[in-house]
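Reader: Could you walk me through this structure slowly? I am new to reading models like this.

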Amino acid sequence: MLNVKTRQTYLKSLGFYKGVIDGIEGVLTKQAYKNLQKTYFVRKSDIDGIYGNNTDKLLQNAYNVWKCCKNFKLSEFRCECNGRYCTGYPVILNTNLLTYLQKIRSDLKVSTVITSGIRCQKYNDSLAGSIKDSKHTKGKAVDFYNSKTATLTNRKNIINNYIKNRYASYAYCNSYYKSNWGSGYVNAPYMGTSIHIDVI
Ligand SMILES: [Zn+2]
């Protein structure tokens, strides 16, 4: 877990903490934990003002998204089980993934919707077409769409560029995949016009 000084630094960057960075867990620091939880956790029972493992993952995620992904908010990556099985943020999003996603967004210059970010294992296993050890359960994959992913030609270009420039492991859409070892057809109609990108 992050030490108190780092927590304060992160919370201050995110606007939740107004006090000094002194490494002491005082009233303002505890209030900041609670405000962070209130902003992101969907289950009331998770909002307790106590800095445990769940809050540690939440704070690291909030900070990493703020730092690497200026066009996205952490809540856009939340597990879609909607509090049924998890806090919404059961894993820490990979910072390379966040950086690459932002790069795609900046290159395309259009507002982009995340259709799947973090998934807890239970939620993942309930989805059609999901594999058991999906990278979504490890914070290493994201699916998104925007106005430019509407055509297959564009989707292929985006996927090809992603693999070529980012040296990532795998990217695919409804009918095309590319990886470090090859490319070809994939039958994934459930993807709609979305693209999946992941990191090693
Ligand atoms: Zn979940």
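This is a predicted model: local features need pLDDT of at least 70, side-chain atom pairs count only at pLDDT 80 or more; totals for chains, interfaces and linings use all residues.

Reader: Okay, which residues coordinate the zinc ion?

Author: The SG atoms of C79, C81, C86 and C120 coordinate the zinc ion, at 2.3 to 2.4 Å. Donors here are N, O and S atoms within 2.8 Å of the metal (3.2 Å for Na, K and Ca), and since water is not among the atoms, sites may look incomplete. Along the sequence, the donor residues follow the spacing C-x1-C-x4-C-x33-C.

Reader: And why is the arrangement tetrahedral?

Author: Because the four donor atoms subtend angles of 102 to 118 degrees around the zinc ion, and four donors count as tetrahedral if all angles lie between 85 and 135 degrees.

Reader: Is C79 buried or exposed?

Author: C79 is buried, since its relative accessible area is 2%, and C86 is buried as well, at 6%. Buried means under 20% relative accessible area, exposed over 50%, and partly exposed in between, with a 1.4 Å probe and protein chains only.

Reader: Switching topic, what is the order of the strands in the sheet?

Author: Six strands form an open, antiparallel sheet in the order β1-β2-β6-β3-β4-β5. The edge strands, β1 (113–116) and β5 (182–184), each pair on one side only. Strands are DSSP runs of E with at least two residues, helices are runs of H or I with at least four, and both are numbered from the N terminus; two strands pair if DSSP finds at least two bridges between them.

Reader: How many bridges join β3 to β4?

Author: Three bridges join β3 (residues 170–172) to β4 (residues 177–179), and A171 stands opposite K178 in β4.

Reader: Then where is I158 found?

Author: I158 is found in helix α6, which covers residues 152–166, and I158 counts as buried at 9% relative accessibility.

Reader: What does I158 touch?

Author: Leaving out residues up to four places away in sequence, I158 touches I104, L108, F144, T149 and I195, where contact means heavy atoms within 4.5 Å. The C-alpha atoms of I158 and D107 are separated by 9.9 Å, although these residues are 51 residues apart along the chain.

Definitions and conventions. Residues are numbered from 1 along each chain as its sequence is written. Side-chain values use heavy atoms; hydrogens and water are left out. Four donors count as tetrahedral if all angles lie between 85 and 135 degrees; four count as square planar and six as octahedral if opposite donors are over 155 degrees apart and all others between 65 and 115; anything else is irregular.
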